[in-house]
Each structure stands twice: as structure tokens, then as C-alpha cells.
Amino acid sequence: MVKAVLGNALGITGLRDATAQLPAEPSSGGMLDLLGRAMRKVENDPTVPWVGRGGAPNALGEMEFDSGVMIGRDMRVAAVGSVRNVVEISSLPVDMLARNFPHVMLVGDGAERFAREAGHRTEPDALTPTMREQWRAWFTGRFGSHAVDRPHGVDLVTGAFSPQRAAQVQPKDTVVFAACDDEGRFAAMTSTSGAQHKFPGRLGDSPICGAGFFALDGVGAVLCTHKGELAIRTAAAATICTYMEIGESPEDACRRYVRDRFSKLPPNSGELVLHVLGRDGDPFVCSLGIPKPVTYCYWNVTTKVVEERPAVQLL
């Protein structure tokens, strides 16, 4: 049965909903069912930003979603990236695993074709009025109001992604969950719309196994949020999981990652939050480069209550 579930704060409503109807689930497949219920709840809530219906558009005002899933038992992974029109994006990698699909990752048109042919619901215009207005203001400030109705005709590279302007495009957050059962099996899941006003086709760490997520039975699971480029450059999730595999505690593994990898990045590279579920189901969550407090959500079979807890500020 599921022993513990860890998520970031954006996922708390989904975790509460999923654990309220938690049955005895003996396998990693069962853990994915739980994580999938939690994630779909969040993906369909327009009040939750940066994911699903509450997601942010790219620089052209279009939604592009990313998601990844990993089962620690046999290191099975599935991921999709830069997918339009699929709000419940986490359902795609779960389906890929269920079908024993031969590919680990699908992106863009190919992922959208998989969604259609596999019978997943597509929605061509899921952008909320708030996010649409934010995009119009951002786009108008760079290209003028006359270009809003023909965004594909502008030069994004020079008009919005010069070194000075690109620094203003900051990744926000992702929804992440990890779970373990009483036999030491682990599963991990991510879902996001990516950085607000990103260049079309940009992928962060959320669909990248070893960067934004990693799970290994008997060891633990690691999930990252905020600036995905940093997690990719430092192979954050896999690195921390490897440190735990050789005997480090979740906290010691994160501190070693900061010393070995994160500290080698240029100063002020950006923000990162590390969410770690240890081999015994105990959580450790820490923030790097974020001045304000960060929280996360956690449930275990002993208390059967979803708690919101403060993260440790490492840097």
C-alpha cells in the first residue's frame, strides 16, 4: 500500500483529493493511479497557475504542455513535451507506459498525434482570460498592438529574446508528485505549461528524466521545480538520487549536490527547489536562490493528513 506522497505546494488540492479516496494499492501501478488522480485534479483547476487550465502561454500566446513519469521498479520512463491542446497532459506519459510504447519521449506534433489516436481529450483554446490578458500586455510591449492578431509574423529572436529581454522570461513553477509504498517502491510525476512567454518549443526540466524527476526503488525519488535549465545543466534529480543510492541521507545528498554541481553555475543563475522523498518515505525539500519562504505538501499512511510544510532554504 502507498506509504507516503510528496508534492510541491501548488499540488496540495490535488493531493488532498486523491488521498481522501485512497484504497489499498500494492504496486507502482497503483501509485501512478494515485499520482494521476492528484495531477488531473490540479490540471483541471484554472486557479492553479503554471499547469493545465491555469497554465501560461508561450511567446505567441499558445499553450504548450510538458509532463514526465518514472517508475522506480524497472526504471521505466515516459515523457512528452511542447504539446498543444491537451490540458490533462500527465495522462499521455501514463498511457505510454500502460501501452508499453516503444519510445520514451514524444514532442510537438508527434505527441499531439499520439493524444488524438489514443483517444485523449483535446481542447484547442484552454487559456484563461487572466493569462490571455497578461500575454497581450507582454506581447504589445514588445511588438505593438497591431501585431497581436498576427503573432506568427513577428521576429521573436530579436524582438523578445535578445540577451536583455530574455532575462525577463523567468520560469515559474511546475506541479510535481512522488510516492512510495511499504515495499520500498517509488514513482514520480511532473506536469507544467512551462515558463510564461517562453520561446515556442522550449523544454524545461519537467519532461527530462534525470533533470526534473528521477525515481529508484529502495532509494528514493527526486523532483525539481522553478528554473528547469539549471536542473538540466546539473542533472539535478539523477545526481541527488545517485548520492542517496551510495548511502547519503536526502538532506546530505542535496547539500552535496549544491557543493558539487549547483555551486559551479555562474552567480545569480536562477532559482531551484529540490523535492526529495527518501527510502523510508521521509521528505526533504530545500530552496536554492529564492529569498522568500517556500512550502510543500506531504501525506503519509500514519497521519493520513495532507500537511503543508516549510522548505529549508539552503542558498
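Colleague: What rules apply to a predicted model here?
Modeller: Local features need pLDDT of at least 70, side-chain atom pairs count only at pLDDT 80 or more, and totals for chains, interfaces and linings use all residues. Residues are numbered from 1 along each chain as its sequence is written, and side-chain values use heavy atoms, with hydrogens and water left out.

Colleague: Why is threonine 192 called buried?
Modeller: Buried means under 20% relative accessible area, exposed means over 50%, and partly exposed is in between (1.4 Å probe, protein chains only). Threonine 192 has 3% relative accessibility, so it counts as buried. Its place is in strand S6, residues 186–192. Helices (H or I, at least four residues) and strands (E, at least two) are DSSP runs, numbered from the N terminus.

Colleague: What makes the approach of threonine 192 to tryptophan 50 a polar contact?
Modeller: A polar contact is a pair of N or O atoms within 3.5 Å; within protein, one must be able to donate a hydrogen and the other to accept it, and residues adjacent in sequence count only if both atoms are side-chain atoms. A polar side-chain atom of threonine 192 lies 3.3 Å from the backbone oxygen of tryptophan 50. The backbone nitrogen of glycine 194 lies 2.9 Å from a polar atom of the threonine 192 side chain.

Colleague: How do you know that the buried residues of H5 line one face?
Modeller: The buried residues of H5 are Met131, Trp135, Trp138, Phe139, Arg142 and Phe143. Seen down the axis, they fall within an arc of 105°, so they line one face of the helix. The arc is that of the directions from the helix axis to the C-beta atoms. The face turned away from that buried side carries the exposed residues Pro129, Thr130, Glu133, Ala137 and Gly141.

Colleague: What is the span of H5 against the expected one?
Modeller: The expected span is 1.5 Å times one less than the number of residues. H5 (residues 129–143) has 15 residues, and 21 Å is expected. From first C-alpha to last, H5 reaches 20 Å, close to that value. Glycine 144 follows H5, with a positive phi near 90°.

Colleague: Why are the buried residues of H1 placed on the same side?
Modeller: In H1 (residues 12–20), Ile12, Gly14, Leu15, Ala18 and Thr19 are buried. They cover an arc of only 155° around the axis, which puts them on the same side of H1.

Colleague: What makes arginine 113 and glutamate 117 a salt bridge?
Modeller: A salt bridge is a side-chain nitrogen of Lys or Arg within 4 Å of a carboxyl oxygen of Asp or Glu. The side chains of arginine 113 and glutamate 117 meet at 2.6 Å, N to O. Both residues lie in helix H4, four residues apart, about one turn of the helix. An α-helix has 3.6 residues a turn, so residues three or four places apart point the same way. Glutamate 117 has a relative accessible area of 60%, so it is exposed.

Colleague: Which residues are linked in a network of salt bridges?
Modeller: Arg53, Glu88, Arg121 and Glu123 are linked in this way. The side chains of arginine 121 and glutamate 123 meet at 3.5 Å, N to O. A search of the whole structure finds 15 salt bridges.

Colleague: Why are arginine 309 and glutamate 307 called partly exposed?
Modeller: Arginine 309 is at 25% relative accessibility, so it counts as partly exposed. Glutamate 307 is at 27%, so partly exposed applies there too. Their side chains meet in a salt bridge of 2.8 Å, N to O.

Colleague: What makes Val104, Met105 and Val107 a nonpolar surface patch?
Modeller: Patches are made of residues with over 30% relative accessible area and no salt bridge: like charges are joined within 9 Å, nonpolar side chains (Val, Leu, Ile, Met, Phe, Trp, Tyr) within 5 Å. Methionine 105 has a relative accessible area of 32% and is partly exposed. Methionine 105 is in strand S4, residues 105–107. The patch made by Val104, Met105 and Val107 covers about 230 Å². Accessible areas come from the Shrake-Rupley method with a 1.4 Å probe; for residues, only the protein chains shown count as cover.

Colleague: Is histidine 197 buried or exposed?
Modeller: Histidine 197 is at 7% relative accessibility, so it counts as buried. Its place is in the loop between S6 and strand S7 (213–216). Phi of histidine 197 is near 65°, a positive value in a residue other than glycine.
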